[in-house]
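Please open the model in a viewer and keep a selection panel at hand. The stops below are given in the order in which they may be selected.

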Amino acid sequence: MAAAPVAAGSGAGRGRRSAATVAAWGGWGGRPRPGNILLQLRQGQLTGRGLVRAVQFTETFLTERDKQSKWSGIPQLLLKLHTTSHLHSDFVECQNILKEISPLLSMEAMAFVTEERKLTQETTYPNTYIFDLFGGVDLLVEILMRPTISIRGQKLKISDEMSKDCLSILYNTCVCTEGVTKRLAEKNDFVIFLFTLMTSKKTFLQTATLIEDILGVKKEMIRLDEVPNLSSLVSNFDQQQLANFCRILAVTISEMDTGNDDKHTLLAKNAQQKKSLSLGPSAAEINQAALLSIPGFVERLCKLATRKVSESTGTASFLQELEEWYTWLDNALVLDALMRVANEESEHNQASIVFPPPGASEENGLPHTSARTQLPQSMKIMHEIMYKLEVLYVLCVLLMGRQRNQDITLKIQFLRLLQSFSDHHENKYLLLNNQELNELSAISLKANIPEVEAVLNTDRSLVCDGKRGLLTRLLQVMKKEPAESSFRFWQARAVESFLRGTTSYADQMFLLKRGLLEHILYCIVDSECKSRDVLQSYFDLLGELMKFNVDAFKRFNKYINTDAKFQVFLKQINSSLVDSNMLVRCVTLSLDRFENQVDMKVAEVLSECRLLAYISQVPTQMSFLFRLINIIHVQTLTQENVSCLNTSLVILMLARRKERLPLYLRLLQRMEHSKKYPGFLLNNFHNLLRFWQQHYLHKDKDSTCLENSSCISFSYWKETVSILLNPDRQSPSALVSYIEEPYMDIDRDFTEE
């Protein structure tokens, strides 16, 4: 019987074999069991022990097994690659071997991205699987990182061409073989090193694509301040490279997703804020700071985002139409895979999403470079627009500090940027064009009210171009959006932020003239929208649009012109007060103002408007008040539902103005008894007001928002809460006066529950 081959370096001259080789061959003198070597290698890959690389076998052994298993000679090539890639090698032979390996893997990668996978990856794509199993990935990582090693004070160098080959093979292996990308992500020193390879234009795109995939699966966010010479690296990028680099930045500067921030309880958020302060800034915050410290970085991004698309195309400038922008993004997601095949700048030698092997031609299934450049001009335009969106996303995150969970988030991020830009900010009028600014001035003049100072101070050289400003375009898109689309929520939020703050009659009329109120009512009443988030955003927007505006209430009454429509509207309001309470608050505030005005137009609206008549009834107000207090508790307060507490306070503050606060408290007490829960509601309200003091008296921004939105001074808010929390049981305006002693439970420490 012929002697079995032995593992390289195992002392063959003394007739000894490694335990791993013995196991692979089924014991002393046995024949190899099919698949056993692969099983051993897989086990070694998972544990780091035993068989892990081709170098652990002799070439004879690998050649013999290759005849049976059809490994395409990959293990032998890896063995040669290991031998020729030692520290003192000139790497010439090493690069020749890489050229042999590359086409074996690239064809599978091409099939992976173009064909439907029906079998397991190791059977469908055997070459990449074998390459990884015999240690090819780890070997290429070592080869790429040779420049980090110094010999006699001199660092080793490998050519850009060889680096590009290694990166291409690594990427193709990641594409086809499960788990490779995650393993690379665990090598933090390698990930950091990859950034240094982007200094060369020849290897930039391959490196950027590999980094993007690695960071997409990396559990811990990388810190950009650990990248050597980050400022110099980014500053030396040309505009195209910077646009590509934004795909990486989108991952590194986005906070990890923790779900809907508004759903978290305020107590939990307060605790998290304290914890965050003790832990210091997050990795995303550190990365944002690192980028902002690069001279001219934000300026370059702004130039990229606002750069005109090639004039020879006849295509309008970026973001000419918001609806087109939405469509562009959806197409761009598919386009990215195609455009990576294109090579618009031949001097950069940029490759496709599946990197072709050196010297590839159409004979081996990959197109020539010249063929890759012959894509339709419209596709190239789409590609440019796609990268503009990546740049825009980075700008959004730098301004907002929010997360990016999926590609569609870019649309939402843009809307959130508009929301943030408009919210309590004088520059919000830059969302209009010159003609629309003139319209605002005309509205103020006709109403005989002072023109808004922010409108007068707007730098008209910076306003929107074209026939419509960005705000008007957003309204047009919103009207076309499907009824249940989640985008409606963010669209409404963005428009609402334009109105938020000190109420502006001119701003309201500008939007009313564009049919916004009728559109909102159509969605609430006629389409009977079921989405709670969308309904909430529409109720909030409707409240800001109608607040203190007699014309808006006239339009409302004209649209809701039958009892049947009004009942549908009330049904939507009452179905969830958490969603509709801001509208209830705005209507209540408006009613209070109208009742104190002497004006024929106002008197007419008060006598005709169903909604104002409904809210004016004390039983209606008490019903709202009871439910608003009953649906929230300190332990369940969130940024989303704390508005219910503030709306209940608005109702009581207006009652206090009319010296009716004791009446309202007495009615609440009676309602408690009628529900067979004496003390339950008022004890809960007492706890809520204690938390209100703790929460708002230390939050300047929140208190300003309350004051601006209600036109009630914050001092009056504080006074009212203090009066309600007065411990004197003889006070007719103190909550404790209406809680019977056996049911008193006001000293509970709600922070411990």
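Select K658, which is partly exposed, with a relative accessible area of 40%; here buried means under 20% relative accessible area, exposed over 50%, and partly exposed in between (1.4 Å probe, protein chains only). This is a predicted model, in which local features need pLDDT of at least 70 and side-chain atom pairs count only at pLDDT 80 or more, whereas totals for chains, interfaces and linings use all residues. Residues are numbered from 1 along each chain as its sequence is written, and side-chain values use heavy atoms, with hydrogens and water left out.

K658 forms a salt bridge with E595 (a side-chain nitrogen of Lys or Arg within 4 Å of a carboxyl oxygen of Asp or Glu), and the closest N and O atoms are 3.3 Å apart. K658 lies in the loop between α35 and α36 (661-674) and E595 in helix α31 (residues 577-595), so the pair ties together parts that are 63 residues apart in sequence. Helices are DSSP runs (H or I, at least four residues), numbered from the N terminus. E595 counts as partly exposed, at 41% relative accessibility.

Next, select R493 and E496. These residues form a salt bridge whose closest N and O atoms are 3.0 Å apart. Both lie in helix α25 (residues 487-499), 3 residues apart, about one turn of the helix, and both are buried.

Move to D238 and K201, where the salt bridge has its closest N and O atoms 3.8 Å apart. D238 is in the loop between α13 (230-235) and α14 (239-252) and K201 in the loop between α11 (188-196) and α12 (204-217), so the pair ties together parts that are 37 residues apart in sequence. In total, the model has 20 salt bridges by this rule.

The next stop concerns aromatic rings. Rings of Phe, Tyr and Trp (its six-membered ring) pair if their centres lie within 6.5 Å; planes under 30 degrees apart count as stacked, over 60 as edge-to-face and the rest as tilted. The count comes to 14 aromatic pairs. Select F539 and F569: their ring centres are 6.3 Å apart and their planes at 70°, so the pair is edge-to-face. Because F539 lies in helix α28 (residues 532-546) and F569 in helix α30 (residues 563-575), the pair ties together parts that are 30 residues apart in sequence. Both phenylalanines are buried. Elsewhere, ring pairs link F195, F204, F237 and F245 into a cluster.

Finally, colour the chain by pLDDT, the predictor's confidence in each residue, from 0 to 100. The protein chain averages 78, and 73% of the residues score at least 70. Over residues 116-123 the pLDDT is below 50. Residues 401-406 also stay under 50. Where pLDDT is low, the predicted coordinates should not be read in detail.

Methods. Helices (H or I, at least four residues) and strands (E, at least two) are DSSP runs, numbered from the N terminus. Contact means heavy atoms within 4.5 Å.
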